[in-house]
Amino acid sequence: MVVDLPLKYSLGKAHPLGASAVDGGINFSMFSQHASSVIICITISERNDVDKLLDFTIEVPLDPRKNKTGDIWHICVEGLPDSGVLYGYRVDGPQGWDQGHRFDVNNILLDPYAKLVSGRRIFGDVKQRMSKFLGTYDFHSSPFDWGSNYKLPDIPEKDLLIYEMNVRSFTVDESSGLDPEIRGSYLGAICKIPHLLELGVNAVELLPVFEFDELEFQRYPNPRNHLINTWGYSTMNFFAPMSRYASAGAGPLAASLEFKKMVQAFHNAGIEVILDVVYNHTNEADDDHSYTTSFRGIDNKVYYMMDLQNNPQLLNYSGCGNTLNCNHPVALELILDSLRHWVEEYHVNGFRFDLASVLCRGIDGAPLDAPPLIKAIAKDAVLSRCKLIAEPWDCAGLYLVGRFPNWDRWAEWNGKYRDDIRRFVKGDSGMKGYFATRVSGSADLYQVYRRKPYHSINFVIAHDGFTLCDLVSYNSKHNNANGEGGKDGCNDNFSWNCGFEGETYDPKIRSLRVRQMKNFHVALMISQGTPMISMGDEYGHTRHGNNNSYGHDTSINHFQWKDLEAKRDILFRFFSKMINFRHKHPILRRDRFLNRNDVTWHEDRWDNPESKFIAFTLHDDIFGGDIYVAFNAHDYVVKIAIPSPPKEKSWHRVVDTNLESPEDFVVEGVLFNASIYDMAPYSSIILEAKPWL
């Protein structure tokens, strides 16, 4: 219903973009270079519930002669409440697709600079699958009280141990034991901080928490219309926290508050918060099945990369139908403003950039040697304290592992580490030398200029791909449930099922799988660089062979707390002990690359591709606490000669993955005086030099 409200209007001002409180009212400001007309739509909802009918709506055309400065449209409205207002824009302009425009005045569009977004209240509520998403604001609440004793953690990069997790999936399962009102919420994550502390991680990398539409696949009939986007890699707005992660469906204002409470709680526990951010594309899909909510209808030609010579088509380097025009000055500033907002308003510690190679492309899609956005992020004063992590590839083949433009700031997900570690541990031929290079910090990739070993984010498992359990249980992906005929997901998994595809009751195969999971974890924890583990691997979570489970809001993705308890003494104990072993030994976390005085390789068969055994000693020149590490990826026992320990020291066996818990990890170590060690097939050991008793 359109009604006339007692509001007053003035010209407003161009900056800041978005909605802002000013003397005399609320200022609204939005960029559109190519628009010919802009109408602001304001809704005042007494119930403050967007899932109900909207109560009062006004639409005010902006006069391009008065309400426009350059390419920025603006208006000031006096008399609006300072909270509980929903707003959007109708934007019209040239209709020729051949020019790259996609204007449609019938759509009410979300402000790209909206700091809060209001839509459906309950995650996955299919009754509200067509819910409208509008901007809102809160100039009424007092600033968040971070606490008098609050301190922002600043953990050195060499000491980071990252836990990749999904906020919703972490606690939404009934087995979490939480009140249903907070399961799957920011507050729910707070309740499970003791688990993270017991595990030993000191940073969480949160899968996307920017507003996204989890029901985007259900807007029209298609083979994927049964899916619910659980991972969140489909950003709708770059400033607003995901509103349906608020407790009890409380909405966007509660989401903002509870997100801050979550960050505060993590920080008070000594845990840093890194956000997985998606600036390479948006939710608006492609031209065939467009989902116009914001950028497309405001100025498609500015916000997206396009092939103007081909009818003109959206360029698709993201694999999701569109590619954000990241190095266009307007999009670049939008991204910088977004990042600064999350640092200043929400106190996050850093960012992991999804498909970051897209951010290295020019407006025509061509790769850039010195991308303006990447440099601007590295040099920005507000972002100077932040961890910056790139996923250095995209879906069009721009693979930049070890070559990502970095200005000595950017770290990288080291995809070569993942692949080489997987191949060696499962017993592939010819991998020993590569394995040695990766656990030594990947100097072949990162020993350039002032880069450090910790610029390699080492991982075996991430959210996309197999879980650790599935890596040792499946040779092939099993993705039929995704609705794409099993064609989606990576085919090059470098996995090994240990003798049987999928779940089995064979005790020998089950034992080997547990051993292999421990071997992977040992390799990750003794490697120079920054380790990252994935949520659920600490108990052996399975997705039953699905290596692309983005659309399943089920136990496939949900953390199974009962399984954790059932396997606490088997896997979790080993994972936790191994993590703490890394924390206690600085020689595993050097801030420089290894030299010949730091490590001794007990190896003379480097050129033999069939050699799948490797051993080395890491030297502690300060305390003499040398660490001997060996991996046997053969399918038979290897008798190894143990080197002499340092002077006045003796070797103590800390780890043997072939042994059952608790003998697989003995914190104080078991004295080992022999000169020969019989290493079981597919096993790893760690000996620690300790003073004579």
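Colleague: To start with, what relative accessibility does Phe494 have, and what does it count as?

Modeller: Phe494 comes in at 29% relative accessibility, so it counts as partly exposed (buried means under 20% relative accessible area, exposed over 50%, partly exposed in between, with a 1.4 Å probe and protein chains only). Its phi is near 50°, a positive value in a residue that isn't glycine. You'll find Phe494 in the loop between α11 (468–471) and α12 (507–525); helices are DSSP runs of H or I with at least four residues, strands are runs of E with at least two, and both are numbered from the N terminus.

Bear in mind that this is a predicted model, where local features need pLDDT of at least 70, side-chain atom pairs count only at pLDDT 80 or more, and totals for chains, interfaces and linings use all residues. Residues are numbered from 1 along each chain as its sequence is written, and side-chain values use heavy atoms, leaving out hydrogens and water.

Asp408 also has a positive phi, about 60°, despite not being a glycine. It belongs to the loop between β17 (387–390) and β18 (411–413), and its 22% relative accessibility makes it partly exposed.

Most residues other than glycine have a negative phi, and most peptide bonds are trans. On to the peptide bonds, then. His15 and Pro16 are joined by a cis one, with omega about 0°, and Pro16 lies in the loop between β1 (8–10) and β2 (18–22). Ser661 to Pro662 is cis too, omega near 10°; Pro662 is in the loop between β25 (649–656) and β26 (665–672).
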